[in-house]
Amino acid sequence: MKWKFIEEKIFNLLMIAATLTVFGFFAGIIWTIARTGFPSLTWEMLTQLPGGGFYLGKEGGILNAIAGSMMIVASSTTLGLIISIPIVFYINVFLKKGSRLAYITRLSFDVMFGVPSIVYGAFAFTIMIFFGLKTSLLGGIIVITLLIIPIFVRSMDEVAKSVSKELLDAAYSLGATRLEACRVVIRQIAPGIATATLLSVGRAIGDAAGVLFTAGFTDNIPTALNEPAATLPLAVFFQLSSPIPEVRERAYASALLLTIIVLALSITGRLITARFSKHRIK
C-alpha cells in the first residue's frame, strides 16, 4: 500500500515537471520573439508595403504579407468548411454505424492528416505545371484548402461520433428525413466545428512550405486570383535569411505579429466553443 502511494507521488511529480517544461519552452519562445521583435513592430511596419530597400534595412512594411495571409486563410477556411461538413454528415448520418466505407474514409483522412505540408505543396506545384499555371493567390488557396480538410473532417468527425443514436432515432420518429436530422447533428457538433476551424486556421496561417511552391511572393497586395501573394511565414523566412541586423529584427517582429494572431484566434475559439457547448445535449 505504501509503494502505491509513493508511485502515485512519483507520477504526479513527473506530470508537473512535464507541464512546467512545456510551459517553460513556450515562455522562452514568446520572450525571445518579443524581446527582439517588439522594438521593430511599429505602426508603419504594419500599414506600409515594402519599399525598394526594405530588405536592405530601409523603410517599408509587411502589409503585403498580412493581406496575403488573410486572403489565403479566409478563403481556404471557407472552402474547407464547405467541403468537410457534408463529408462528416455522410459518414455519421447517411452511412450505417460500423460501415466499411466510413472506416476507409476515416483511415484515409488520418493518413492525409499526417502528410507534411511540403508534400501538399509539391503535389499542387506538379498539378500547376501540368495545367500551365503560375504561382498565384489561387494556388495558395488550393494547397492550404487541401492541407486543412483532413483537420476539419477528423476533428468534427470525433465530435459527431459522440452524438447519441437515441437523439437521431427521436428525430426520425418525429418524421424527420436524414437531411433534416443533419440540423440536429450540426447543433450538437457546433463546438467541434469551432475547434476544427481554430486548428485549421492556426495551421493555415503558419504554413510556409506549401505556399512557397504555389503562392509565390510579392511586394504588392494581390488584386486577382492569378497574381502571386506574400504570406507572413515566408516574410519571416526571407527576412531572417538576411545578413543585415535590422532586417532580421523585422523578421522577429513579423513572427511576433504571427504569434499574436494565433493567440487571439485561440482565445476567440475557446470563447466560441464555450458558447456553443451550452446547446449540446449530454
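In this predicted model, helix α3 makes the greatest contribution to the lining of the largest cavity, giving three residues. The volume of this cavity is about 30 Å³, and the count of cavities of 30 Å³ or more comes to one. Its lining consists of Ser69, Ile72, Val73, Ala204, Ile205, Asp207, Val211, Thr231 and Pro233. Two elements, α3 (63-94) and α9 (190-206), each give two or more residues to this lining. Sorted by class, the lining residues of the largest cavity comprise six nonpolar, two polar and one charged.

The second largest pocket holds about 160 Å³ of space. It is lined by Ala124, Ile127, Met128, Leu133, Lys134, Ser136, Leu138, Gly139, Ile142, Leu146, Leu225 and Asn226. The elements contributing two or more residues to this lining are α5 (117-130) and α6. Helix α6 supplies the largest share, with four residues. Eight nonpolar residues, three polar residues and one charged residue make up the lining of the second largest pocket.

Serine 162 was also examined. This residue is located in the loop that lies between α6 (137-160) and α7 (165-173). The relative accessible area of serine 162 is 45%, so the residue is classed as partly exposed, a class that falls between the limits of 20% for buried and 50% for exposed. In sequence, serine 162 is 26 residues from glutamine 188, while in space the two are 9.1 Å apart from C-alpha to C-alpha.

Conventions. Residues numbered from 1 in each chain as written. Predicted model: local features only at pLDDT ≥ 70, side-chain atom pairs only at ≥ 80, totals over all residues. Heavy atoms only, no water. 1 Å grid on protein atoms, 1.4 Å probe; cavity = no way out; pocket = protein on both sides within 12 Å on 5 of 7 lines; lining within 4 Å. Points joined across faces, edges and corners; volume = space filled by probe spheres on them. Nonpolar A, V, L, I, M, F, W, Y, C, P; charged D, E, K, R; others polar. Buried < 20%, exposed > 50% of the residue type's maximum accessible area, 1.4 Å probe, protein only.
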